[in-house]
Amino acid sequence: MVRLILASQSPARTKLLAEAGIRHSVLVSDVDEDAVQARYGVTDPHDTALLLARAKAEAVAALPEAEGALVLGCDSVFEFDGEAHGKPYTAAVARERMLRMSGNAGWLHTGHWLVDCRATDPDDGAAPGTGATLGTVASAEVSFLEMDAAEIDAYIATGEPLHCAGSFTIDGLGGAFIRKIDGDPHAVVGLSVSTLRELLAQAQVRITDLWPAA
């Protein structure tokens with residue numbers, strides 16, 4: 001049986017996989033994102049998302065628990081006015097960003113990195129691994145409705161935007177402020193199922209292999 005490990009603590013990502021019928025387990029990486037970015041220098045938001053997704057996937061792939069599995073790392077970065085916006089963490093930062101985003105649009109980039117940790121020459125009759133380590137980015141343009149200060153303050157008070165890339169969600173309370181999405185909507189949630197399918201295919205695995213047995 002093919003095993004998929006999600007190297008992310010994001011509840012939205014694991015919920016998305018579960019709702020798509022994709023069997024998986026979660027093993028959180030212990031990656032210092034600031035240290036990773038400092039090591040590689042300044043990158044644009046698109047490349048930063050891929051860099052951090054790779055760091056998470058490779059950190060978990062190095063653990064004994066990942067032996068014989070496929071490991072998927074993901075990371076999301078919101079690009080607005082050419083700037084990379086990760087999680088705001090504080091109300092002040094979230095408010096400043098959302099006031100700028102009101103009535104405007106930005107790009108949400110979600111990096112995906114897959115590592116095949118299966119044995120390439122198994123002696124137990126299992127399907128051989130490919131040794132693949134590969135990734136790509138799924139992006140979508142997010143257009144926001146006009147938001148007044150009272151709405152923004154009420155949204156921030158819920159705590160939801162403080163731990164989301166770009167200070168918003170599409171699958172929660174923040175969906176009320178999104179006018180439209182151009183691109184893969186799953187990328188805005190933080191994991192593109194169609195992108196995962198493409199990466200799995202390159203590792204010679206069908207996404208249907210991860211569906212529950214009939």
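Let me start with the crossing: α4 passes α5 in a right-handed manner. Right-handed is said when the near helix is turned clockwise from the far one by less than a right angle, left-handed when anticlockwise. Before going further, this is a predicted model, where local features need pLDDT of at least 70 and side-chain atom pairs count only at pLDDT 80 or more, while totals for chains, interfaces and linings use all residues. Residues are numbered from 1 along each chain as its sequence is written, and side-chain values use heavy atoms, with hydrogens and water left out.

The axes of α4 (residues 91-101) and α5 (residues 149-157) come within 10 Å and cross at roughly 140°. Axes here are lines fitted to C-alpha atoms, for helices over the stretch in contact, with angles from 0 to 180 degrees between N-to-C directions. Helices (H or I, at least four residues) and strands (E, at least two) are DSSP runs, numbered from the N terminus.

Which residues meet? From α4 there are Ala91, Ala94, Arg95, Met98 and Leu99, and from α5 Ala149, Ile152, Asp153, Tyr155 and Ile156, with contact meaning heavy atoms within 4.5 Å. By class, that contact has 8 nonpolar, no polar and 2 charged residues. Ala, Val, Leu, Ile, Met, Phe, Trp, Tyr, Cys and Pro count as nonpolar, Asp, Glu, Lys and Arg as charged, and the others, Gly among them, as polar.

Now the cavity. On a 1 Å grid over the protein atoms alone, a cavity is a set of points where a 1.4 Å probe fits but cannot get out; a pocket is an open set with protein on both sides within 12 Å along at least five of seven lines; lining residues have an atom within 4 Å of a point. Points are joined across faces, edges and corners, and a volume is the space filled by probe spheres set on them. Met98 and Tyr155 are among the residues lining the largest cavity, including also Phe144 and Phe168. Its lining divides into 7 nonpolar, 1 polar and no charged residues.

The largest pocket has a volume of about 1,000 Å³. Of its 38 lining residues, Arg13, Lys87, His163, Cys164 and Ala165 lie nearest its centre. β3 gives the most to that lining, with 4 residues.
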